[in-house]
Amino acid sequence: MTVNPLAPSWLAHPEDANVLPPAVWSQNASRSASGEIVVAGVAATDLAAEFGTPLYVVDEADVRARASDARESFDREFARIGSAAKVYYAGKAFLSAEVARWVTEAGLFIDVCSGGELAVALAAGVDPARLGFHGNNKSLAEIDRAVSAGVGVIIIDSLVEIERVADAAARHSRVQQVRLRLNSGVHAHTHEYLATAREDQKFGITLADAPAAVARIRELGSLRFLGLHSHIGSQIFEADGFVEAASRLLALHAELLRDGPIPELNLGGGFGIAYTSADRALPVSTIAASLAEIVSSECARLGVPVPVIAVEPGRSIVGPSTFSLYEAGTIKDVLVEGTAVRRYVSVDGGMSDNIRPALYGADYSVRLANRGSDADPTLVRVVGKHCESGDIVVLADYLPGDVRPGDLLAVPATGAYCWSLASNYNYLGRPAVVAVLDGRARLIVRRETEADLLSRDAGLPDHQSQGAA
Ligand code: LLP
């Protein structure tokens with residue numbers, strides 16, 4: 001075995017490049033006797049033949065199991081300390097009507113953060129009382145719609161929003177429950193753009209401003225204060241950031257309790273997942289247990305009752321459930337600095353269906369999906385078909401050396417922030433999303449067609465004749 005010097009140090013040379021590491025793949029993904037990847041009884045080649053590529057393939061039972069596991073873990077750990085928990089699914093990770101149903105059937109609430117996400121959840125038939133509405137710049141129309149729809153709680157993100165939500169609630173003769181989002185100042189160990197509770201950013205209000213803001217909320221008859229909220233960031237692996245944020249928030253929570261009841265405390269989401277076999281994600285039961293322990297001991301120390309704890313995981317519910325299925329096209333061996341060869345494998349999608357490597361330097365892994373192979377593992381870089389050299393899907397992994405045009409490639413852990421961040425760059429249509437369960441695959445979001453892409457271009461004759469309707 002010769003090690004390619006271009007391989008990053010975290011990437012181990014595999015004995016067998018066909019293996020699907022269970023931490024990175026969904027629960028029902030495996031290889032068939034013939035070697036191809038099968039998910040919940042459906043083969044990758046059948047999925048590609050029926051639905052085309054690129055394609056997001058969701059293991060439905062895996063999403064449902066992760067949602068139930070999160071709810072059960074938090075219920076159990078907070079019941080143990082004499083309280084209760086609410087788990088919101090953060091819809092920004094990936095929201096469609098089906099996903100909204102799966103997570104609500106598992107007993108989760110849903111967090112939405114725009115009028116569009118709210119519209120999807122409502123159209124899916126989710127009880128509005130089970131929705132939390134977020135956003136640092138909610139429009140007046142969005143606030144009005146959320147209030148009139150009967151959204152369970154609005155998370156106030158700025159001082160001006162207190163008056164805006166109160167006015168809307170008064171207009172609709174409602175008492176609107178609200179949380180107050182705080183910038184706790186805790187630095188999460190994650191990519192800078194994914195950390196949301198540093199001082200120098202746009203979300204929430206400072207701990208110092210919170211007492212006056214809560215006093216104002218309490219003055220307003222159309223608002224009911226449910227509690228404080230903090231989200232420290234995303235793709236976090238260590239529990240210490242959550243523990244620190246919880247203890248800072250509880251100190252303030254205890255101080256504010258002197259002037260009125262505060263039934264809940266929301267600690268946000270951000271639980272990390274494994275994208276490659278080098279990542280070690282904490283099980284949700286461990287996170288729930290650590291949070292229950294710190295909340296219980298801090299409340300005892302402060303002499304206050306344990307509030308109901310809310311959390312908002314998105315990535316950890318849907319991320320590991322999905323793989324992206326691509327067809328390999330051109331393959332080039334590129335000599336780098338005259339010494340080592342990097343094999344570029346181009347696929348039929350790219351940064352339009354997965355912007356995360358370009359945006360955050362995120363790492364992914366890749367496997368040959370339509371067959372197994374005994375060929376020696378070769379270091380590859382999987383790239384897309386966009387006109388941009390940063391159009392990378394998998395920066396570095398090993399594929400069997402006989403990978404060839406027409407092979408299917410699967411990139412796991414693409415369930416969160418891939419479809420939801422997808423674009424039409426270079427006029428590529430966004431891929432379809434297919435759910436697979438018990439040997440059956442069904443479309444949950446259809447592929448965008450060329451007609452979809454042209455339909456909004458008001459300069460086309462068809463549109464002009466329709467009066468650019
Ligand atoms: N709650 C709030 C207030 C949030 O802002 C977020 C994520 C979540 C919950 C859910 O976080 P999760 O459990 O999914 O990590 N596009 C980035 C992630 C942005 C996260 C934004 N907020 C990415 O692809 O990594």
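Biologist: Which residues in helix 5 meet which residues in helix 6?

Modeller: This is a predicted model. In it, Leu140, Ile143, Asp144 and Val147 of helix 5 meet Glu161, Arg164, Val165, Ala168, Ala169 and Arg171 of helix 6.

Biologist: Why is helix 2 called oblique to helix 3?

Modeller: The axes of helix 2 (residues 60–80) and helix 3 come within 8 Å and cross at roughly 40°. Since the limit for roughly parallel is under 35 degrees and roughly perpendicular begins at 65, helix 2 is therefore oblique to helix 3. Helix 2 also passes helix 3 in a right-handed crossing. At this meeting, Glu60, Val63, Arg64 and Ala67 in helix 2 meet Trp102, Val103 and Glu105 in helix 3.

Biologist: Arg101 lies in helix 3 as well. Why is Arg101 called partly exposed?

Modeller: Arg101 has a relative accessible area of 33%. Buried requires under 20% and exposed requires over 50%, so Arg101 falls in between and is partly exposed. Arg101 is 20 residues from Ala121 in sequence, and their C-alpha atoms are 8.8 Å apart in space.

Biologist: How do you know whether Ala40 is buried or exposed?

Modeller: Ala40 has a relative accessible area of 17%. The cut-off for buried is under 20%, so Ala40 is buried. Ala40 sits in the loop between strand 2 (37–39) and strand 3 (42–43). Its phi is near 45°, a positive value in a residue other than glycine.

Biologist: What makes Asn426 partly exposed?

Modeller: The relative accessible area of Asn426 is 34%. Asn426 lies in the loop between strand 19 (408–412) and strand 20 (432–437). Asn426 is not a glycine, yet it has a positive phi of about 60°.

Biologist: Which residues have the most contacts inside the largest nonpolar core?

Modeller: They are Phe74, Tyr89, Leu180 and Leu228, in a core of 105 residues. This core draws at least three residues from each of domain 1 (29–54 + 320–455) and domain 2 (61–313). A second, separate core has 24 residues, including Val24, Leu55, Ala369 and Ala441. In soluble globular proteins, nonpolar side chains tend to be buried together.

Biologist: What is Leu180 in contact with, leaving aside its neighbours within four places in sequence?

Modeller: Among its contacts are Ile156, Ile205, Val214, Phe225 and Leu228.

Biologist: How many residues of domain 1 and domain 2 are in contact?

Modeller: 20 residues of domain 1 are in contact with 19 residues of domain 2. The centres of domain 1 and domain 2, taken over C-alpha atoms, are separated by 33 Å.

Definitions and conventions. Residues numbered from 1 in each chain as written. Predicted model: local features only at pLDDT ≥ 70, side-chain atom pairs only at ≥ 80, totals over all residues. Heavy atoms only, no water. Core = buried A, V, L, I, M, F, W, Y, C linked by side-chain atoms within 4.5 Å. Buried < 20%, exposed > 50% of the residue type's maximum accessible area, 1.4 Å probe, protein only. Domains from an automatic or database assignment. Contact = heavy atoms within 4.5 Å. Helix = DSSP H or I, 4+ residues; strand = E, 2+ residues; numbered from the N terminus. Axes fitted to C-alpha atoms, helices over the stretch in contact; angles between N-to-C directions. Parallel < 35°, antiparallel > 145°, perpendicular 65-115°, else oblique. Left-handed = near helix turned anticlockwise from the far one by under 90°.
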